[in-house]
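Work through the two exercises below with the sequence and the model at hand. Each task is followed by a solution in steps.

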Amino acid sequence: MRLFWKVFLLLLATLVLTAAISGWLSQKWLEENRSIELQMAALAAPAETAAALYRDGGLEAYRQWQRHTLRRDQHIHGRLLDKQGNNLHMRSLPPELQELSQQVIKQQGKIEVVNPPLLAVALPVSYQGETYYWAAFTRLQPESIQHSVRQSLVVRLTVALLAIALISWLLTRMFTRPIRILQKTTEQLGAGSLNARTDPYVASRKDELGALACSIDKMAVQLESLISSHKQLLRDISHELRSPLARLHVGLELARSAAGKSAQEELNRIEKEANLLNELISEVLTLARIEQGAVEIQRQPLQLDEIVDEIVADAAFEAEAQDKTIRITEQVACRISGDHLWISRALDNVIRNAIRHTPVGSGVEVSLTRSGEQIKIEVRDFGSGADEAILAKLFEPFVRGSEARERHSGSSGYGLGLAIARDAIELHDGDISAANHKESGLIITIALPCLDQ
């Protein structure tokens, strides 16, 4: 059924139910009011009879009628009072009638008290020129009324509200649950999980939301196919470029022999560019292998502080050649479970990226600290930092920090080193992030699970 008809029918059912409950409540209210009116009329009706019996038949006739007819047959407790308010019955007034009798004498008008199960009435009666006062009360039987009018109304309104709330909840749930599922799926797709699909509960619906879920699934399939084709194409092109590059190196050596010293500078430039191209192709292939799941890490206990020492020592030669320094500001001994090759490669990429972007005459600071069950490695350079808008994208392929940062470093790089570092760290259940230092430069933070407890 289409969503339009579901909403239409549920709203229609809500309105019909509301109207039915309202009618039922009104009917019950009228029935109770009618019943109370009849009871009140029955309480007031014996007033003239009581006055006539007392006036014509005397006190004994009145008392006999009251004892045998009024109370036994009609279950009414009534009293006749003279114009001074004196009770004409041999018994005293019941508590229910004492205050009521005083009020009717004072007001000289009919007074009704409706306080279920108690019903009471008092009114003045004129008979043959004499004024009397009639006061009577009765108590409703349990079978005729179990609750007060107010309690009954509250109960019925509660039932009505619960019924309407139930239908409203069903209507709301019919919308919100599948929408939340679709939102979760789109968020997963936006986060890069291209294998995410909508829940079959939503996709199998025969309405607009089900059609939307099927469209999202089709879009996800197409995106996954396009991205996979793109990655495969990139890897295939990289592989194919290896062969002409190899032939290019052979041609360069032959050209060196034939040209002698006259073209050595130009040939050296060609060789440098060919080596850079070969390096770029290697990094593209590495990134493609990791993203396609072709890399399996070999976990073993690693002394992380020793690995950091080795990488910093190797990077120091490159830094010194550029009139830069690198130093370890803080270090703790710790072990992790991981693959030595990929951990070393990730750290090397991050440190060499920092050396590339720190200014001449400054340096790079590396710290190794422990925080709870994690070990944190922070690498800071003293460059111009990265644009805030792209900090979160800094670890994506071919993304660079900023134009000013690249100009300051004197080398643009390929934008692949940090992407490879991110994938390698995530393979070890770690996390990597970037932030601008409050003074200057960029800080790369790597967090890895610590093996030592």
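**Exercise 1.** Find which residues of α3 are exposed on the face turned away from its buried side, and which residues of α3 are buried.

Solution. The face pointing away from the buried side of α3 holds Pro 95, Glu 99, Gln 102 and Lys 106, which are exposed. Exposed stands for over 50% relative accessible area, buried for under 20%, and partly exposed for what lies in between (1.4 Å probe, protein chains only). The model is predicted: local features need pLDDT of at least 70, side-chain atom pairs count only at pLDDT 80 or more, and totals for chains, interfaces and linings use all residues. Residues are numbered from 1 along each chain as its sequence is written, and side-chain values use heavy atoms, with hydrogens and water left out.

Next, take the buried residues of α3: Leu 97, Leu 100, Ser 101 and Val 104. They sit on the same side of α3 because their arc around the axis is only 110°, taken from the directions from the helix axis to the C-beta atoms. Their cover includes β1, β2, β3 and β4, where contact means heavy atoms within 4.5 Å.

**Exercise 2.** Determine the strand order of the open sheet and which strands stand at its edges.

Solution. The four strands are ordered β1-β4-β3-β2, with antiparallel pairing; a pair needs at least two DSSP bridges. Helices (H or I, at least four residues) and strands (E, at least two) are DSSP runs numbered from the N terminus. β1 (77-81) and β2 (111-115) each have a single partner strand, so one side of each lacks a neighbour in the sheet.

Then look at one pair: β2 and β3 (residues 118-127) are joined antiparallel over five bridges. Within β3, Val 121 is opposite Glu 112.
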